[in-house]
Amino acid sequence: MCEACPVIDWAEMLPTVRSFTARRVDAVSDDLIVWYDRYERSQKELVGGKNASLGEMMVAELPVPPGFALTIDAYHQIWSHEGLVDEVNELLRSIDHDDFAANIETSNKIRAAIEAIEVPESVVEALTTAYAALCDHCGVEDVPVAVRSSATAEDLPDASFAGQQDTFLWVTGIDDVITKVRRCWSSLFTDRAIAYRHQMGYLHQAISMSVGIQKMVDPTASGVAFTLNPTNGDKSQVAIDASWGLGEAVVSGEVTPDNYLVDKVIHEIVHRNVSTKTMEYRLTDGGTVEKLEVNADRQNAACMTDDELKAVAILARKAEKHYGCPQDVEWAIDKHLPAGENVVMLQSRPETVWSQKPKSSISKGGGDYMSSIVSTLVSPLHNKKNN
Amino acid sequence: MAQSRFPSPFEIEGPEGVEGWEELYPYSVSFGENRREYEDNRFWFWDSMHWGQALTPWDSTFMEMALASLSQMNSRHYRIPPADGVDFRVLYGYAYLSPVGVDPSNIEARVPQFMERAGHYFANWGDLYDSWLGKIRETIGEIEALDFSPLPEMEDLEIITGGTALGSGYELQKSYHHFKDLIFKTWQYHFEFLNLGYAAYLDFFGFCKEAFPSIPDLAIAKMVAGVEVDLFRPNEELKVIAQKAVDGGVARAFDNPDDVAGIQAAIAGSDAQAHWDSVAEPWFNFTSGNGFYHFDKIWKENPEIPYAFVRDYITKIEAGEDIARPIEAIRAERDRVVSEYRDLLDSDEDREAFDGKLGLAGVVFPYVENHNFYIEHWTMSIIWRKVKELGATCAKEGLLGDPGDIIYLRRDEVDELLWDYYSNWAVNAPTAAAGHWGPIVEKRRAIHAKLSEWSPPKALGEPPEVITEPFTIMLWGITSDSVSTWLGSEDDSGGLTGMAASPGVAEGKVRIVRNPEDVGDLEDGEIMVAPITAPSWAPAFPKIRACVTDIGGMMSHAAIVCREYGVPAVTGTGFATANLQTGQMIRVDGSSGTVTVLEE
């Protein structure tokens, strides 16, 4: 038992959850589902950070692949299942935070317990209807989707869950979607997530899990974009890292991506560095994603056209304008869309490094142009030419 | 192997058979033992941007007057704190320049002087520029009024009855002296505003680079560029003529632009001809070169050049293309670029500074762009016309063998020649001129031909640790980086780097264009590789895919025109004309400033 842990009092939480979910379940079952293109900001707590950001991107008219969120109501419903709370609490109490190996095992037991719960009928129904509608919309039977965790933490705006919860790609068919939804729910109890809450002093019940279901993009290339130059904080530039295939290779750092700097205003490619990209994550004919070697003729080739680079920069800037602060964007080039509309955005979140640095004025308070001209002439100009 | 310094000017071996070449130029522009220590310890670069070809004595006159005037404004008028003049020499016919910095201990004392003097110009720029336009027109009028016609058999009676005593001989001497003064005056005016204009531009440039360290130079230039610029007016007028030729049914007359008489006969009385007549003065006082050389062709005297451009525009109009310059769209784009960068600034204070600096740059920039038309094109056209008029008189009077011989005499020697002419006209006796100058001209013509074949080194002497002289960087595009590239160039694998002067990437075949005559050799889709490009080559730009120059900064004429015409350009590469050959396939990246050889 961990004495240092804050009290894990599920009893405290459950009445709230029960009354909450009861109210919801009695209402329209559609409340379990929020389509991204009908997202409203008031629903943020219901769909979690990841889903809210995708919905918000739709609001901003950024090209996001279609999809929907399964709200936290569905997650709350499973906790009303007889015995689950007690079982999980018992396991949590057995944790020794210094014993990493044992904790993995405990985490696995908690996850297994959660995944073993039968998904409530209303949730299955809502998911089935929504997935069918998505298949219809895409004109594909059993459209491949990404199933993503989207945690929400009421009153914990600073909490970062990045990378803690599971994401499943290339999920096809409603049965597999439901399986992966369960695993997203249970991923709130990975050993990492448990340890994180322990370190931060967060209550386990303070965190809820929504799940996002979104059409997969089969990309020729993908990557990330910062709406500033991460090497010097220059806000007039968009820095783009790009590599072949799915974005995992870039995000995980498994390849050295092609690196570009694109000016936000005149859309010039100010800097380009094409590197050797030896591996990529790619969809195989079998419908699975595999890590594959990039064939020799593509390894040293740029993975994007200049027009695509400009399109990414323009979208990243649009996101930044919409959110009002520098953004860190994930994007992909969808091989099934025509050139000119083939850049899609997968995620946009605030950039955190440079955005938190104090701003220093460069005008130095002096509006006197003569003094400024003198200092320009006297100080070696080449020092300022460092792009 | 990379070197640490360039060869000494005293080590350079020139071409064979040019003994006595120094006589073509004033003694003061030669490297020599008197000043060897000073000269040997300096950094000299060949200004191939302005003087890419071997100078004749008269070509040298303009180089000397330009550099002295530029220097004087820095050193004696405005007291630019860190920069005195730009020293100049001629080595085997080629102009070498060396920026002269101010001793660091004296910089501070010059600051208040600069503030007061330059401050006056910035504060009164509009009025002073208006007055400058008047001064230029007045100077042009004075030059046009000079009379270099042969001396009369007998003076007019009014000379006698008016009691003036001073006759045509005196007037000819005076006119020539005045001519030299007026040329000098022209170059003084040329630099009245230019250095200050660059300083204000540099200040805005520096501010943008500090706010946005990775901002492309091009973006800064775009914010400052004028929309309606006098320099582009001649070319715009050709478009109007082309449209009128099409509308008036005389388009076919331009099919063979070299048939000047045929075209003039065919379009006589047409709207196209009427428009030509109404704009030729002053707009077609436009040179095919940079205005500095005796061989530059002026549109008015060489209508086959503008006729060829008119023909090209006619082809486009007939193909349904809209050739009009979209003024409104250009203005809107500039405003968009300005407002977006402005929005990206962090504070209102910064935005206020940005507005102030951009405002000043906007006030000074019309001069920076337009002076080129008023001086290099218009005034220099008039000046060369007068030089040729004088040459014709000398030939007609038997003083020189050929009207073109005059350019092989130094300007002070022309004084002697005219004294010989006048005094023997007065005595009514034979001149010594023909016998004296004939052999000299022939010798110099042969020397100049040999000098013209020679490839001068890019730079001489000891390179400075850092290049800080603002005009060297701005106008010539010479930076500490480019100097070290030059030093290491023998390591080079054929690629070149330079200034990212006009964006875009293009691939194509090289065409080396060393002078205006070669422009006609350009074929569709080729990449022009030149020591420099002149604005008057602009109508040829629709043909080319990209442009690479040896010398030139962001504000060089080449850069301005390339951006205007949307042609990718890399300027200031140092070696493009030496390292590339006509026919090679290259890639020009005008956004990163690199040139790559794709295949030999």
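**Domain arrangement and helix packing in the predicted complex**

Chain A comprises two domains, with domain 1 spanning residues 10–215 and domain 2 spanning residues 219–356. The model is predicted, and the predictor assigns the complex an ipTM of 0.74 and a pTM of 0.76. Taken over C-alpha atoms, the centres of domain 1 and domain 2 of chain A are separated by 28 Å. Contact between the two involves 10 residues of domain 1 of chain A and 14 residues of domain 2 of chain A. On the domain 1 side, helix H2 (44–59) and strand S4 (167–171) of chain A each contribute at least two residues. By class, the residues on this side of domain 1 of chain A are eight nonpolar and two polar, with no charged residues.

Helix packing was examined for H6 (residues 121–138) and H7 (residues 174–186) of chain A. The axes of these two helices come within 10 Å and cross at roughly 130°. H6(A) is therefore oblique to H7(A). The crossing of H6(A) past H7(A) is right-handed. From H6(A), Val124(A), Leu127(A), Thr128(A) and Tyr131(A) meet Ile174(A), Val177(A), Ile178(A) and Val181(A) of H7(A). This contact of H6(A) with H7(A) consists of seven nonpolar residues and one polar residue, and no charged residues take part.

For chain B, the average pLDDT is 89, and 95% of the residues score at least 70. Among the elements of chain B, the highest mean pLDDT, 97, belongs to helix H14 (residues 411–427) of chain B, and the lowest, 71, to helix H18 (residues 557–565) of chain B.

Terms used: Residues numbered from 1 in each chain as written. Chains lettered and ligands numbered in written order. Predicted model: local features only at pLDDT ≥ 70, side-chain atom pairs only at ≥ 80, totals over all residues. Domains from an automatic or database assignment. Contact = placed C-beta atoms within 7 Å. Helix = DSSP H or I, 4+ residues; strand = E, 2+ residues; numbered from the N terminus. Nonpolar A, V, L, I, M, F, W, Y, C, P; charged D, E, K, R; others polar. pLDDT = per-residue confidence, 0-100. Axes fitted to C-alpha atoms, helices over the stretch in contact; angles between N-to-C directions. Parallel < 35°, antiparallel > 145°, perpendicular 65-115°, else oblique. Left-handed = near helix turned anticlockwise from the far one by under 90°.
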